[in-house]
Amino acid sequence: MASFLQFLPTILSFHWFIIINIGLISSNQIPPNKVQPYVVYMGSSSSNDVEVAKLAHLQLLSSIIPSEESERINLIHHYSHAFKGFSAMLTEKEASALSEDGEVVSVFPDPILKLHTTRSWDFLEPPPRTTTSSTTTHHLPTEDVIIGIIDTGIWPESQSFKDTGFGEIPSRWKGVCMESQDFKKSNCNRKLIGARYYHITSTASSNSSKTTTGGGSPRDPIGHGTHVAAIAAGAHVKNVSYYGLARGTARGGSPSSRIASYKACSEDGCSGSTILKAIEDAIKDGVDMISISIGMSAIFQEDFLSDPIAIGAFHADQMGVMVVCSAGNDGPDPSTVVNTAPWVFTVAASTIDREFKSTVLLGNGKSFQGSGIHLSNLSSSRTYPLAFGIDVAARFTPLSEARSCYPGSLDPEKVKGKIIVCIDDDPTVPRRIRKLVVEDAKAKGLILVNGDEKGVPFDSGILAFAQVDNIVASQIINYINSTKNPTATILPTVDVVKYKPAPVIAYFSSRGPGQLTENILKPDITAPGVAILAAVVPNRDRTVVLIGQKPAEYAMRSGTSMACPHVTGAAAFIRSIHHQWTSSMIKSALMTTATAYDNLGKPMTNNTGNYANPHEMGVGEISPLKALNPGLVFEKTTKDYFKFLCYYGYSEKTIRSMTNKNFNCPNISNDKLISNINYPSISISNLDRHRRGVRSIRRTVTNVGSPNATYIARVHAPSGLLVKVIPEKIAFSETIKRMSFKVAFYSKQKASSGYKFGSITWLDGLHSVRMVFAVNVE
C-alpha cells in the first residue's frame, strides 16, 4: 500500500472538499505555558488614528509579556476600522491577564475554521435583464454592487471574471489589487476589482512562532474561492461543461456585480484572526456584502464573542454590510448548524433538478441505476470480474474492514482488474479514501453501497464508479454469491435534467436548532449546494485530466459552501434593483418569499424521503424573482441586535464596548425574549404544555408594495398547537407604512413533546408573505 500512503497527507489536507468533520482542539487541552495565537477583541472602533491605536495595543502587550521574550511584543493582525483589537502570540496565562483589562471584551484562542465545501440558477428562475411585476417595473440591474468573497483566493484568468460590458469602477471603492510573483495588478479588471491576501501565523513545536504567507499571493491554489466567487457573481460563459457533463451556460446569481477577493485561507484551513482582518478590510474597502463559506466546528461552539465570524459580521451589519454564511456540512445530526448569530444570513444546502447517473450492468443482463460522476472508458461492450470486498481481503484483515474497503484491508493481487463492491458504513472514512483504496489496488471500478449520500454524486475521476442503496446492493451481492464467475461493467455517467423531486435537503447540510440559542430559527434559508458546476483552478495537480485534453476549467462541487454564494448572488441582485433597501430588508424579502415545495408541487423532503422541517431547510428554498416584490418586510434596527445581546446575557458594559453607544438593557432581559427580535421567522425554545403554556410574540412589518394594501393572516398550525394572530387584518396607506401584530401560541395539554412547525402567511391578493415558526413543546 506504499503508493496509497504516499497520497494520504494530501488527501487529509483537502478535507473541505470531502465533506467530513475535522474537530478543533479544545483550549483546555493546551498546556498553560504554550505560546499560540490569540484574538483580543476590544469592541467598536472609536479612533481614526491607526498608529496611536497600534501603539496602545503594543503597550498593552508589553505589560503582560516578559521582557526576555520581547520578540513576542508584536501584532499579527491589527483591527481599527469597524472594530478594534488585535491578534498576538500569547500563553494561556497572558491571555487570562489580558481578559481582565477594562478595555477588552473577549480573548480567545485563534481558531482554525474549515471551508464548507450552471444549471442551479436556471432551476431557481434566474433574474432576467428586465423583470416586471404586477405593481412595479424593475429596471436594469446596476454594476455598482460589490461582493467581498473571503475564501482561498481567486483564479483571475477564468472567463467567469471577464469584465466585458462593465463601466468604470465605482468611485467609493477603496480596495487594492495586491501584487505577488504570480499575480499582477493587471489580473484585476472592472469585474474583479480587488484582491488581497494575508500572512498566516503558525506555531512551531517550541514556544517560538513564525509568520509565513498563505501562498504569498491572492491567487487561488485549490479552487474553492474561485468556485464560490463564480457562483455568486460570475459572468455569462456559454458552452461550458465538465468534460461534456452538465453542459450549458455558466453564470452567477448577480453577473453584473463586482467581485473583491480576500484570501484568508490556506490549504491547512482558515485562521479566525485572519478572517476577522479580512472582514474589516472588506468593510473598509467598500463592499456591499460579504460571502463566507467557512465556519467554526459544530463541536466547539462556545460563545458568540469567541467566534471571529460572529464578531466581524456584527460590526459589518452595523455599517450596512450584509454577511452571508454557510450553515456547515455536519448533517444530518441535529444541532450542528454554525454561523447562527441573528445578524448572519445562514444558508443550508439542497439539490437541483439534475442528477448524475451511473448504471451498473451485470453479466446476467440485469442493470441497476446508481449515482456518481466518473470519466472512465468502460462500456457495455465488455464486462469485468466482479467481487465483494470480503472476497478480496488481505491476509489477517478483519472481514468487517474488507467489506468496507478500509485502507490496507484489500489484497492488490485479488483486486487487480476487478470491479469491487464496498459497503460504506463508517462515516469517518470518506468516499474518496475508499475510492483510492481500490484504485491503488488496480481495480477497474467501484460500486459503493451508501443510500444516505446517494443524492450527493461523488466524482471518482477516471475510476468507474456507481453508488447504490441497500436494496440494489443486496441484489448485486446475491448475484455474486450465486454465480461462479460474476462479471459487471459500469456505464458512462449521464446527466439527467428536470429530475424530480427537487429540491431535496442534502444529507450533509447541518441541521438546527442552534446550540447557542434556540430562540432564533437556524438555518435561515436553503439554496442549491449539490453538484454545482462553476469555475475552478485548471491545474493538473488539482483536477482530473483526461488523456489528450486540457485540465477542466469548470467542475462540480458540493457543500453548503456552494449554497452560500447562491444566496449572496440573489441578495446582490436585489440590492442592484432596490438600492435603498437595508440588509435586513433584503434578508426578509428572500426569507418570506422562499418556497417550501418541490417541483412536484409537494412539500420539500430530506435525503430520507421524509418531509423536511425548518431545522433542516430554514424557511425553504430561495426564489430570487419573487423576492424583488415581497410586499412586506421585517426590518430590523440596530437596537434589535443590542437587545439580543442583552437577552442573551451580555452585560451593558460589554454591549457598550461593542456598539460604542450608551445603550441600556431593558429591565427584564432573559433568553426567552430573544424570540421577540423582529426576525422574519419565529422560534420558541420552550412552551410548557403542563401549565397551559402561552407565549405571545410581537412582530412589525414595513410595507414596500402598493401604498394602499390590506393583508389578512392565514395560519397553518400543527396538531397540539393553537396559534392566533392579533389583529388578523392589517391595513396600510400613504401615511401608514408600518404595522405591528402579535402571534399567540397556546399548547394543548395532550400535545406531544418536541418541536412543532408551522407558518403564518399574510395575503393581500398580490403578495404572499410567509413567516415560518418552530415551537418546542415540553
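Which handedness does the crossing of α13 and α14 have? The crossing of α13 and α14 is right-handed, a crossing being right-handed if the near helix is turned clockwise from the far one by less than a right angle and left-handed if anticlockwise. The model is predicted: local features need pLDDT of at least 70 and side-chain atom pairs count only at pLDDT 80 or more, whereas totals for chains, interfaces and linings use all residues. Residues are numbered from 1 along each chain as its sequence is written, and side-chain values use heavy atoms, with hydrogens and water left out.

**Annotated active site**

- An unreviewed UniProt entry lists D151, H224 and S561 under "active site"; UniProt positions follow the numbering used here, feature names are shortened, and annotations may be inferred rather than shown by experiment.
- These residues are spread over 411 residues of sequence yet cluster in space, with a largest C-alpha distance of 10.0 Å.
- D151 belongs to strand β8 (residues 146-151), and S561 to helix α13 (residues 560-577); helices (H or I, at least four residues) and strands (E, at least two) are DSSP runs numbered from the N terminus.
- D151 is buried because its relative accessibility is 0%, where buried means under 20% relative accessible area, exposed over 50% and partly exposed in between (1.4 Å probe, protein chains only).
- S561 is likewise buried, with a relative accessible area of 0%.
- The side chain of H224 makes a polar contact of 2.6 Å with that of D151 and another of 2.9 Å with that of S561. A polar contact is a pair of N or O atoms within 3.5 Å; within protein, one must be able to donate a hydrogen and the other to accept it, and residues adjacent in sequence count only if both atoms are side-chain atoms.
- Leaving aside residues up to four places away in sequence, the contacts of D151 (heavy atoms within 4.5 Å) include L115, H224, Y262, K263 and C265.

**Packing of α13 and α14**

- Helix α14 (residues 583-592) is largely enclosed by the rest of the structure, because 10 of its 10 residues are buried.
- The axes of α13 and α14 lie 10 Å apart at an angle of about 115°; axes are lines fitted to C-alpha atoms, for helices over the stretch in contact, and angles run from 0 to 180 degrees between N-to-C directions.
- V567, A570, A571, I574 and R575 of α13 meet S583, I586 and L590 of α14.

**Loop residue I736**

- I736 occupies the loop between β37 (729-732) and β38 (738-747) and is partly exposed, at 36% relative accessible area.
- A C-alpha separation of 8.4 Å is found between I736 and P707, which are 29 residues apart along the chain.
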